[in-house]
Amino acid sequence: MSVAGPEDRILPAPALSGHDSGVELLDYDAVPGLSPAGGAPGSMLLLHGFGGDKSQLRPLGDALCPAGCVAVHPSLRSHGDSHQPDWGYSVLDFSADLHRIADILPDEVHLVGYSYGGLVAAVSAVTWGASRVRSLVVIDQSFDAHPALHVADEWAEGSLLRWTYDFGHLPDLLERLGIPVLVLAGTDSGNLLAGERERLSGRSGGMLRLETIRGSHADCYRNTEEIASVMREFYRDHFAGISGLPGLSGNGSGNGNGMGNGIGEKEKSA
């Protein structure tokens, strides 16, 4: 685990890192929020896509995570300095890795995922529930099955499981759980086809919103200012009084600022 600077304090090491279990844990950065009022309404967990690492969404976390909260950026398995198993690249495997460090995450988080990280975020939101995941933002990732898009490359297993299996039920589950969802589709991306865009934009109930952002799938996540602007509006619509968040309490009380586990001194995670 790396830190943002010499003055930063970060989350404590996961409990599993203190046991000789042989379980390999994700590498991650825990970055104290610095954004002024008008950003996210609490702490954030941001998940990159295939081929990225914990730095991929760092600009977005820096732009949105408010002072007094923390943005957690993991490198998912086989990315960055995280472990590289020979197999196990379904969204369930990736989500299980997050569960293994969940004890150090804030009691409430706003999940953000790009590409395959968006599916991992959606599955994690369903399993953790609304008491833990306050909102979900999915950046240019389809929930539909698209077997024709499977590519047999170094990500063969992950690509197969990503495109061959249908995750279209996830928005229904998230709505039933009461988790607001924002789906961002790249204007020049083929990930979300017209039929899926139409279905998502036509959902009633107001819990899911579909917006378009500039760019292809490969580069849309780089439009930090545009994405942050759309996310701020999404947060304002679903969370009242997002400005003026209290400072770091460190008392483990779950007081609504997303820092229920507190902030520990610098420790090295596995």
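Modeller: Let us begin with His73, which counts as buried because its relative accessibility is 2%, and buried means under 20%. Please keep in mind that this is a predicted model. His73 is found in strand 3, residues 70-75.

Colleague: Which residues does His73 touch, not counting residues up to four places away in sequence?

Modeller: His73 touches Asp27, Tyr28, Asp29, Val31, Leu46, Lys54, Leu57, Arg58 and Gly61, with residues up to four places away in sequence not counted.

Colleague: How should I describe the chain as a whole? How many helices and strands does the secondary structure of the protein chain come to?

Modeller: One counts the elements and then reads their order. The protein chain has 7 helices and 7 strands. Along the sequence, they follow the pattern β-β-α-β-α-β-α-β-α-α-β-α-β-α. The chain has 270 residues, and buried residues make up 54% of them. Of the contacts between residues at least 6 apart in sequence, 77% join residues at least 24 apart.

Colleague: Let us turn to loops. Where is Ser35 found, and is this residue buried or exposed?

Modeller: Ser35 is found in the loop between strand 1 (27-32) and strand 2 (44-47). Ser35 is buried, since its relative accessible area is 7%. The side chain of Ser35 reaches the backbone oxygen of Ala63 at 3.0 Å. Leaving aside neighbours within four places in sequence, Ser35 is in contact with Asp62, Ala63, Leu64, Cys65, Pro66 and Ala67.

Colleague: What may one read from the backbone angle phi in a loop?

Modeller: Ser78, in the loop between strand 3 and helix 2, has a phi near 65 degrees, a positive value in a residue other than glycine. Ser115 also belongs to a loop, the one between strand 4 (109-114) and helix 3. The phi of Ser115 is near 55 degrees, again a positive value in a residue other than glycine. Ser115 counts as buried because its relative accessibility is 4%.

Colleague: How does one find empty space in a model?

Modeller: Rolling a probe the size of a water molecule over the atoms shows where empty space is left. In this model, the largest pocket has a volume of about 240 Å³. Its lining has 14 residues, and the closest to its centre are Phe50, Ser115, Trp155, Arg162 and His217.

Colleague: Which helix gives the largest share of the lining of the largest pocket, and how do the lining residues divide?

Modeller: Helix 4, residues 156-164, gives the largest share, 3 residues. The lining divides into 8 nonpolar, 4 polar and 2 charged residues. As for helix 4 itself, its buried residues are Gly158, Ser159, Leu161, Arg162 and Trp163. What covers these buried residues includes helix 3.

Colleague: Which residues of helix 5 are buried, and why do they line one face of the helix?

Modeller: In helix 5, residues 170-177, the buried residues are Leu170, Pro171 and Leu174. Seen down the helix axis, they fall within an arc of 95 degrees, so they line one face of the helix. Their cover includes helix 3 (116-128), strand 5 (133-139), strand 6 (181-186), helix 6 (194-201) and strand 7 (208-213). After helix 5 comes Gly178, whose phi is positive, near 80 degrees.

Colleague: What of residues that are partly exposed?

Modeller: This label lies between buried and exposed, so one reads the percentage against cut-offs of 20% and 50%. Asp93, found in helix 2 (residues 91-100), is partly exposed, with a relative accessible area of 24%. Asp93 touches Arg77 and Gly88, not counting residues up to four places away in sequence. Asp93 and Val120 are 27 residues apart in sequence, and their C-alpha atoms are 8.9 Å apart in space.

Colleague: Where does Asp237 lie, and what joins its side chain to that of Arg209?

Modeller: Asp237 lies in helix 7, residues 224-238. A polar contact of 2.4 Å joins the side chains of Asp237 and Arg209. Asp237 counts as partly exposed because its relative accessibility is 48%. The C-alpha atoms of Asp237 and Pro180 are separated by 9.9 Å, while the two residues are 57 apart along the chain.

How values were computed
Residues are numbered from 1 along each chain as its sequence is written. This is a predicted model: local features need pLDDT of at least 70, side-chain atom pairs count only at pLDDT 80 or more; totals for chains, interfaces and linings use all residues. Side-chain values use heavy atoms; hydrogens and water are left out. Buried means under 20% relative accessible area, exposed over 50%, partly exposed in between (1.4 Å probe, protein chains only). Helices (H or I, at least four residues) and strands (E, at least two) are DSSP runs, numbered from the N terminus. The arc is that of the directions from the helix axis to the C-beta atoms. Contact means heavy atoms within 4.5 Å. A polar contact is a pair of N or O atoms within 3.5 Å; within protein, one must be able to donate a hydrogen and the other to accept it, and residues adjacent in sequence count only if both atoms are side-chain atoms. On a 1 Å grid over the protein atoms alone, a cavity is a set of points where a 1.4 Å probe fits but cannot get out, and a pocket is an open set with protein on both sides within 12 Å along at least five of seven lines; lining residues have an atom within 4 Å of a point. Grid points are joined across faces, edges and corners, and a volume is the space filled by probe spheres set on the points. Ala, Val, Leu, Ile, Met, Phe, Trp, Tyr, Cys and Pro count as nonpolar, Asp, Glu, Lys and Arg as charged, and the others, Gly among them, as polar.
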